[in-house]
Amino acid sequence: MSSNGSINSATAPRLGLSDPIFTGGPTQFDVIKTRELEKFLADASLYESQEEAIRREEVLGRLDQIVKTWVKNITRAKGFNEQLVQEANAKIFTFGSYRLGVHGPGADIDTLCVGPRHANRDEDFFGELYRMLADMTEIEELRPVPDAHVPVLNFKFSGVSIDLLYANVALWTVPEDLDISQDSVLQNVDEQTVRSLNGCRVTDQILRLVPNIQNFRTALRCMRLWAKRRGVYSNVTGFLGGINWALLVARICQLYPNALPNVLVSRFFRVYNLWRWPNPVMLCPIQEGSLGLPVWDPRRNFRDKQHLMPIITPAYPCMNSSYNVSTSTLRVMMEEFRRGNEICEALETNNAGWMTLFEPFPFFEAYKNYLQIDIAAENDDDLRKWKGWIESRLRQLTLKIERDTKSTLQCHPRPGEFSEKSRPLHYYYFMGLRRKEGTNAQEGEQFDIRLTVEEFKHSVCMYHSWCHGMRIHVCHVRRKNIPDFVFPGGIRPPPATKPAGEMLSVAKTKGGSGKKRKQDEVASGTNSKEIASSGTDSGLHAEKNAKERFDADMKGISNDARFPDNTSCYGPEGEESVRFSPPVVPSGSPTGSPEPGKENIVRENAHEPFVGHGSPLKELDEFDNDLGMTSQVPGFIGTMKVGPTAKQEVAAEGKGASSSSKWLQNGSLDELEPIELTGLVSNVASTSASVAPRKPSIRLNFTSLPKATGSSA
């Protein structure tokens, strides 16, 4: 776990699109802080034992022998001569966290099987190889996913979780020394093979483009742990996944090639707190290639122009690895970058410890209102399939809400699911809801997302593998009514004494929000009292000059773009009165009372148009549910309520979708320097229908601050 060693900046080639910001070596203070960080990571059990490492290597060796036997069997079965049978070969490659060297205990291994052209994916990989694995006693939980964007076999091999992809290259024989980093391996292959190869090619390229692999690994371990604890590690829900964090950390390593992990972590937050999205993060220039494969290019591709947080893969074909990021999730991550930067500034003066940086995000204290998504199925296999499908679609609910509210209502999806012992075959997901900061409310204004939710439910119920018993239920729940099983040990913590999300034991950023941040500096000295040493002054001066040169080189490009605003996420919530209308259930209705604190969002008519809302919001309050009738609808729990029809006038927008931001007008794909945020992102355009839809069944009601009564959750 040692992080000693640095490159010689005078002889090492430049890595990345620009010169480093600072090339100075580490100070004694950096060495001390890095040791503290490494000890913290070790105490957090981020490193696997030697025994587990050996078992993983044995499993990979055994798997490699299995695929070699498999390819010989299918070569013989297809009638090839014996010489070709003996020469037939397949090879196992690794990628992801295992290949990067940042995996932890119990982590799965991302693997790729490369086979010859005559070993196809459908019949041979998902057919013969699947049957071979199914007959082995060491293999458990074998699950093929042939219809995925990247087809995969999931299984456990002697207790080690394996995700196995397949790529059949245009070769009759796969050599043992095959170099899949060469672009020629992509010739005459299908799209699934290109995507399958991309994981290995990107991972290997990252390791080639960082100046110090050991420092990169330690910093990446740190950032992965931080992202998981702060609830922003999940590509599927709209945050960032493992490859995204690896690319971001690698770019910081390029900008600070001689820095130790403690400085890399600190500069990570400083740079990305000031980064002007949607300017892309790139480790190297985008190569067009000679094979005609599409690459990320917002000048030519409209969909690429809509990406909010582009993080570009360094291997051909270069793609945006973070296309799932939405306006809401970008807001959450930018606020987390701000918080991390404040803590790291305090760390540099010994006014905070590493534990402060890694404090778990208090998700169920951060908002007053939440959406709760409950799913269920009739058996374990159906629930596993249904769960995977729902998780892949939850991001769409965030996007639909943003679309229908012009990004005024912001969602914070919590990665991961909850379960309750008393209700087997059920899973629960939660989203925090809040009004976008800076918008004004109008007295008595109501906000309605019921049709949006119904559209989402209709879309997920179109699942091609849907089975009887697969159910989904969405409801609104206030903070005080969050179920106890989501808290550790099932015990609800006492109410917070400060507004949720407010920084605790963190020094305020110097200069305040919106002021010019001080230039990068490297703290030196053996303790907090000796930071301002003579060596530090010279180091600060050198780094400042390098940063100024870097800013000057990129200034011309930065003036041509507009960027999303870095809004605050966890500021004090406005005190507002709550208007809540309980549901009206007609006499004789078979429908029972809803759970306390919840109101059902039910399926009415999935083909009704959704309603676009352009009114500003002030604060999420209770959903109004003024149902006047009930109806039997196949849903999550027994009978569901359906509201009556009512007249509504909906203003049609008529202008269609617009770009989420104004892209580089000069057509440049150059990376921009991390400077202060100065622009605002355009609202995500919504579409609406000029029709009178049926009256939705849940409303959000907002009141203005002057009318506030001080009620709170």
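Is C113 buried or exposed? In this predicted model, C113 has a relative accessibility of 0% and therefore counts as buried. The structure contains zero disulfides and 34 salt bridges, and its largest nonpolar core has 78 residues.

- Helix α1 runs over residues 28-43, and its 16 residues reach 23 Å from the first C-alpha to the last, close to the 22 Å expected at 1.5 Å a residue.
- Its buried residues are F29, D30, V31, K33, T34, L37, E38, F40 and L41.
- The cover over these buried residues includes α7 (213-229), α9 (261-274), α11 (327-347) and α12 (354-357).
- K33 belongs to helix α1 and counts as buried because its relative accessibility is 7%.
- The side chain of K33 makes a polar contact of 2.7 Å with the side chain of N350. Apart from neighbours within four places in sequence, K33 is in contact with N262, L347, N350 and W354.
- Just after α1, S45 adopts a positive phi of about 60°.
- S49 sits in the loop between α1 and α2 (50-77) and is partly exposed, with a relative accessible area of 35%.
- A polar atom of the S49 side chain lies 3.2 Å from the backbone nitrogen of E52.
- S49 and P105 are 56 residues apart in sequence, while their C-alpha atoms are 7.5 Å apart in space.

**Nonpolar cores**

- Within the largest nonpolar core, of 78 residues, F216, W226, W245, F268 and Y272 touch the most other members.
- At least two residues of this core come from each of α1, α6 (191-209), α7, α8 (242-255), α9, α11, α12 and β9 (423-435).
- A second, separate core of 29 residues has A90, M132, I139 and F155 among its members.
- Residues up to four places away in sequence aside, F216 touches L100, I206, L207, V210, A246, V249, A250 and C253.

**Cysteines**

- A search of the whole structure finds zero disulfides.
- C284 is in no disulfide, and the nearest cysteine sulfur, that of C318, lies 5.6 Å away.
- C284 counts as buried, at 15% relative accessibility.

- Side chains of opposite charge can pair when their charged atoms come close.
- D190 and R121 meet through their side chains in a salt bridge of 3.1 Å, N to O. This pair links distant parts of the chain, 69 residues apart, with D190 in the loop between β5 (160-168) and α6 and R121 in helix α5 (residues 121-134).
- D190 is partly exposed at 31% relative accessibility, whereas R121 is buried at 9%.
- D183 forms a salt bridge with R201, and the closest N and O atoms are 2.8 Å apart. D183 lies in the loop between β5 and α6 and R201 in helix α6, 18 residues apart.
- D183 is partly exposed, with a relative accessible area of 33%, whereas R201 is buried, with 3%.
- A salt bridge of 4.0 Å, N to O, joins the side chains of E348 and R270. E348 is in the loop between α11 and α12 and R270 is in helix α9, so this pair ties together parts that are 78 residues apart in sequence.
- Both E348 and R270 are buried.
- A network of salt bridges links D64, K68, K91 and E176.

Conventions
Residues numbered from 1 in each chain as written. Predicted model: local features only at pLDDT ≥ 70, side-chain atom pairs only at ≥ 80, totals over all residues. Heavy atoms only, no water. Helix = DSSP H or I, 4+ residues; strand = E, 2+ residues; numbered from the N terminus. Expected span 1.5 Å × (residues − 1). Buried < 20%, exposed > 50% of the residue type's maximum accessible area, 1.4 Å probe, protein only. Contact = heavy atoms within 4.5 Å. Core = buried A, V, L, I, M, F, W, Y, C linked by side-chain atoms within 4.5 Å. Polar contact = N/O pair within 3.5 Å; in protein donor to acceptor, adjacent residues only side chain to side chain. Disulfide = S-S within 2.5 Å.
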